Amino acid sequence: MIEFIDVGKTYSNNMKALEDINLRIEKGEFVAVIGPSGAGKSTLLRCINRMHDISEGKLIVDGVEVNSLKGKEIRKFRQRIGMIFQSYNLVTRISVIKNVLVSFAPKLPYWRKVLGLYTKEHKVKALTALDQVGILDKAYVRVDQLSGGQQQRVALARTLAQNPDIILADEPIASLDPVTAKQVMDDFTKINRETNISVIINIHHVEIALEYADRIIGIRKGKIVYDGKAEDLTEENLNYIYKGQTEELQSNEMEGKTDV
Ligand SMILES: Nc1ncnc2c1ncn2[C@@H]1O[C@H](COP(=O)(O)OP(=O)(O)OP(=O)(O)O)[C@@H](O)[C@H]1O
């Protein structure tokens with residue numbers, strides 16, 4: 001379970017990115033975080049795995065108070081949380097399987113790490129993860145020979161091989177065409193249903209968020225302005241989540257500001 005209690009996040013430039021966040025996400029939920037650009041979606045996600053430190057309140061993940069973790073504890077904690085990015089974060093000049101095997105590197109003794117010697121068990125786990133996302137046949141292909149959607153699946157397989165409790169995906173389909181985007185979202189759904197891993201996706205495509213997620217969290221100016229079932233989200237709710245942006249654009253246009 002992920003619990004935000006009165007969480008706030010202010011960046012060092014005094015930008016208040018999150019304010020009064022109170023949130024509880026149970027194990028196995030499929031949640032989409034939506035909101036206008038700059039609303040705080042990435043910040044929210046990245047606080048969960050301690051890529052960013054919170055400035056106020058408490059953030060508890062499976063009983064662990066995230067901000068109390070230090071050094072090695074943080075690395076161990078992050079092993080339980082898979083992170084998927086828009087840019088895939090793969091090493092494109094090496095094979096698919098080698099990219100997936102990287103997820104075991106933190107657990108390897110130094111000499112094995114240096115020599116890139118993974119165990120048979122690791123290889124089986126990596127191949128199983130590739131099978132789960134439907135690209136087992138690409139295991140020995142170089143990543144730069146794959147399409148964007150296939151590369152995102154490799155990233156997902158790498159995360160799965162790590163056997164996480166939670167997957168955080170920051171704009172995972174932003175660089176994909178609509179058909180491939182849906183295939184990748186289907187993968188997330190399958191993983192979520194089959195393994196009960198919690199999936200939290202930060203996403204710009206509202207219609208895809210509504211189609212795939214069970215729960216929608218709408219953020220506007222660092223605050224949660226909607227938290228409920230996808231099927232209960234109304235046009236009015238959506239206007240409220242995104243309204244601020246529209247209003248600001250209009251008022252900036254009226255004031256003659258074009259740099260927004
Ligand atoms: N490292 C940082 N230092 C300072 N300010 C930051 C930093 N990262 C984000 N911000 C600011 O915090 C606010 C929230 O940013 P965040 O990236 O979380 O928004 P977002 O909703 O994910 O936006 P987008 O959809 O455009 O990615 C923005 O105003 C942004 O400029």
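In the protein chain of this predicted model, 67% of the contacts with a separation of 6 or more are between residues 24 or more positions apart. The chain comprises nine helices and 10 strands. Of its 260 residues, 38% are buried.

**Ligand shell**

- The residues that surround the ligand are Tyr11, Asn13, Met15, Ala17, Gly35, Ser37, Gly38, Ala39, Gly40, Lys41, Ser42 and Thr43.
- By class, the shell consists of four nonpolar residues, seven polar residues and one charged residue.
- Helix α1, which spans residues 41–48, supplies the largest share of this shell, namely three residues.

**Helix α6**

- Helix α6 runs over residues 148–161 and contains 14 residues. The distance from its first C-alpha to its last is 20 Å, close to the 20 Å expected at 1.5 Å a residue.
- The helix is mostly covered, with 12 of its 14 residues buried.
- The buried positions are Gln150, Gln151, Gln152, Arg153, Val154, Ala155, Leu156, Ala157, Arg158, Thr159, Leu160 and Ala161.
- The elements covering these buried residues include the strands β6 (81–85) and β7 (166–170). Also among them are the helices α3 (96–101), α5 (120–132) and α7 (178–195).

**Ala157 within α6**

- Ala157 is located in helix α6 and counts as buried because 30 other C-beta atoms lie within 10 Å, where the cut-off for a buried residue is 20 or more.
- Apart from neighbours within four places in sequence, the contacts of Ala157 are Val100, Ala129, Leu130, Gln132 and Val133.
- For Gln132, which is 25 residues from Ala157 along the chain, the C-alpha separation from Ala157 is 7.5 Å.

**Helix α7**

- Helix α7 has 18 residues, and its first and last C-alpha atoms are 26 Å apart, close to the 26 Å expected at 1.5 Å a residue.
- Its buried residues are Ala181, Val184, Met185, Asp187, Phe188, Ile191 and Asn192. Because these residues cover an arc of only 145 degrees around the axis, they lie on the same side of α7.
- On the other side of the helix, Val179, Arg193 and Glu194 are exposed.
- The packing partners of the buried residues of α7 comprise the strands β3 (30–34), β7 and β8 (198–202), together with the helices α5, α6 and α8 (206–212).

**Open sheet of four strands**

- Four strands, in the order β2-β1-β4-β5, make up an open sheet with antiparallel pairing. The strands β2 (16–25) and β5 (64–65) stand at the edges and have a single partner strand each, so one side of each is left without a neighbour in the sheet.
- Within this sheet, strand β1 (residues 2–10) and strand β4 (residues 56–61) run antiparallel and are joined by five bridges. Ile2 has Val61 in β4 as its bridge partner.

**Hairpin of β9 and β10**

- Strand β9 (residues 215–220) pairs with strand β10 (residues 223–229) in the antiparallel sense, over six bridges. Arg215 has Lys229 in β10 as its bridge partner.
- The two strands β9 and β10 form a hairpin with two residues between them. In the turn, Lys221 has a positive phi of about 50 degrees.

**Non-glycine loop residues with positive phi**

- Asp62 is not a glycine, yet has a positive phi of about 45 degrees. This residue lies in the loop between β4 and β5. Asp62 is classed as partly exposed because 15 other C-beta atoms lie within 10 Å.
- Asn163 is likewise not a glycine, and its positive phi is about 55 degrees. The loop between α6 and β7 holds Asn163. With 14 other C-beta atoms within 10 Å, Asn163 is partly exposed.

Terms used: Residues numbered from 1 in each chain as written. Predicted model: local features only at pLDDT ≥ 70, side-chain atom pairs only at ≥ 80, totals over all residues. Expected span 1.5 Å × (residues − 1). Contact = placed C-beta atoms within 7 Å. Near = placed C-beta within 6 Å. Nonpolar A, V, L, I, M, F, W, Y, C, P; charged D, E, K, R; others polar. Arc of directions from axis to C-beta. Pairing = 2+ DSSP bridges.
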